Amino acid sequence: MSKVAVVTGAAGGMGQAIVTRLLADGWAVVGFDIDAEGLAAMAQDGFAAMVVDLMDPEAIRGAFAEINSMLGGVDALVNNAGTCFMSDFPDIPEDELERQMQLNFSSAFHCCQAAVKLMTGRDGVRKIVNISSNGAYNFDVFDPPHYRASKAALDTLTKDLARRYATEKIAVNSIAPAMTETPLFGVLTEDVLAKAVAAMPHGRAMQPEEIAAWVGFLMSPAGDVSSGNVIILNQGRDVR
Ligand SMILES: NC(=O)c1ccc[n+]([C@@H]2O[C@H](COP(=O)([O-])OP(=O)(O)OC[C@H]3O[C@@H](n4cnc5c(N)ncnc54)[C@H](O)[C@@H]3O)[C@@H](O)[C@H]2O)c1
């Protein structure tokens with residue numbers, strides 16, 4: 001029987017590429033997203049869609065309870081859902097700060113809490129992959145501070161859980177991509193986007209499939225020995 005992976009933000013640019021990669025690698029994939037239409041368009045063997053509002057911890061707990069009764073547990077979780085709100089300091093509205101932290105950090109936190117309970121007793125090394133961002137580390141790029149902070153918090157969660165669950169064989173890593181061509185590019189003005197893409201050493205944005213390949217690698221047996229790492233993918237842009 002296939003191992004079960006949950007992918008959040010499954011209907012987004014990166015999410016769809018991750019789902020495709022994991023299905024090709026033989027995983028049974030459950031995709032969470034708020035975009036019901038987007039999920040419906042992804043219907044295929046091995047993929048179960050669940051419309052979940054990740055801003056709602058109760059909805060997250062309910063979704064994992066349903067997975068438990070449907071599939072009997074979870075072997076892997078990819079916390080991919082997220083966005084980048086673009087108001088800038090010192091005029092970031094209070095509710096935008098709350099929503100940024102809730103979607104990019106708290107939703108992953110709640111998913112991890114629910115998922116680790118369902119990983120108990122499963123075979124082999126179980127996996128959590130958190131999709132972070134270069135924005136947490138590179139202060140030359142445009143990212144506003146609440147976005148950076150949400151991803152830095154996510155990476156600290158990665159390290160805590162990696163340490164906490166090492167002997168229980170749950171491997172937890174972050175992947176922190178730079179400019180990757182997805183609908184999220186829509187939050188940027190043309191000028192900011194053009195400058196950010198031009199700063200990529202290969203002269204082009206990365207493709208979601210290139211990031212998904214790294215997720216697939218961490219989720220494969222080769223990834224069993226990596227835990228607590230933040231893997232930065234940016235074509236070498238920030239090497240000094
Ligand atoms: N695209 C990039 O350049 C880039 C760079 C670094 C990090 N990232 C990270 O990659 C991840 C995926 O981003 P993407 O580029 O695919 O963006 P995207 O906008 O294409 O996808 C985000 C997905 O999250 C879903 N979502 C939003 N709010 C939700 C909610 N409340 N409940 C459930 N689902 C919700 C959306 O419906 C969408 O399908 C994000 O965490 C983002 O921060 C992206």
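**Helix packing in the predicted model**

Modeller: For a chain of 240 residues, a compact globule would have a radius of gyration near 18 Å, and the protein chain has 17 Å, which agrees. The model is a predicted one. Taken along the principal axes, a box of roughly 50 × 35 × 35 Å holds the C-alpha atoms of the protein chain. The protein chain contains seven helices and seven strands, and their order along the sequence is β-α-β-α-β-α-β-α-β-α-β-α-α-β.

I begin with the helix pair α3 and α4. Helix α3 spans residues 57–71 and helix α4 spans residues 94–119; their axes lie 10 Å apart, at an angle of about 25 degrees. Because angles under 35 degrees count as roughly parallel, α3 is roughly parallel to α4. On the α3 side the contact comprises Pro57, Ile60, Arg61, Phe64, Ile67 and Asn68, which meet Ser107, His110, Cys111, Ala114, Ala115 and Leu118 of α4. By class, the residues of this contact between α3 and α4 are eight nonpolar, three polar and one charged.

Helix α4 also packs against helix α5, which covers residues 145–164; the axes of α4 and α5 come within 8 Å and cross at roughly 15 degrees. That angle makes α4 roughly parallel to α5. The crossing of α4 and α5 is right-handed. From α4, the contact draws on Leu97, Gln100, Met101, Asn104, Phe105, Ala108, Phe109 and Cys112, while α5 supplies His146, Tyr147, Ser150, Lys151, Ala153, Leu154, Leu157 and Leu161. The contact of α4 with α5 has 11 nonpolar residues, four polar and one charged.

Two backbone details belong to loops beside these helices. Most residues other than glycine have a negative phi, and most peptide bonds are trans. The peptide bond from phenylalanine 89 to proline 90, however, is cis, with omega near 10 degrees. Proline 90 sits in the loop between β4 (76–79) and α4. Lysine 169, although not a glycine, has a positive phi of about 60 degrees; this lysine 169 lies in the loop between α5 and β6 (170–177).

A further pair is formed by α1 and helix α7, the latter made of residues 208–219; their axes are 8 Å apart and the packing angle is about 45 degrees. Helices α1 and α7 are therefore oblique to each other. Their crossing, that of α1 with α7, is right-handed. In α1, the residues Gly13, Met14, Ala17, Ile18, Thr20, Arg21 and Leu22 meet Pro208, Glu209, Ile211, Ala212, Ala213, Val215, Gly216 and Met219 of α7. The contact of α1 with α7 divides into 10 nonpolar, three polar and two charged residues.

Helix α1 leads on to the ligand. Formed by residues 13–24, α1 gives the most to the shell around the ligand, with three residues. The shell has 28 residues, of which Gly9, Gly12, Met14, Gly82 and Thr182 come nearest to the ligand. By class, the shell around the ligand consists of 14 nonpolar, 11 polar and three charged residues.

Notes
Residues are numbered from 1 along each chain as its sequence is written. This is a predicted model: local features need pLDDT of at least 70, side-chain atom pairs count only at pLDDT 80 or more; totals for chains, interfaces and linings use all residues. Axes are lines fitted to C-alpha atoms, for helices over the stretch in contact, and angles run from 0 to 180 degrees between N-to-C directions. Helices (H or I, at least four residues) and strands (E, at least two) are DSSP runs, numbered from the N terminus. Angles under 35 degrees count as roughly parallel, over 145 as roughly antiparallel, 65 to 115 as roughly perpendicular and the rest as oblique. Two residues are in contact if their C-beta atoms, placed from the backbone, lie within 7 Å. Ala, Val, Leu, Ile, Met, Phe, Trp, Tyr, Cys and Pro count as nonpolar, Asp, Glu, Lys and Arg as charged, and the others, Gly among them, as polar. A residue is near a molecule or strand if its C-beta atom, placed from the backbone, lies within 6 Å of it. The radius of gyration is taken over C-alpha atoms; the globule rule is 2.2 Å times the number of residues to the power 0.38. A crossing is left-handed if the near helix is turned anticlockwise from the far one by less than a right angle, and right-handed if clockwise.
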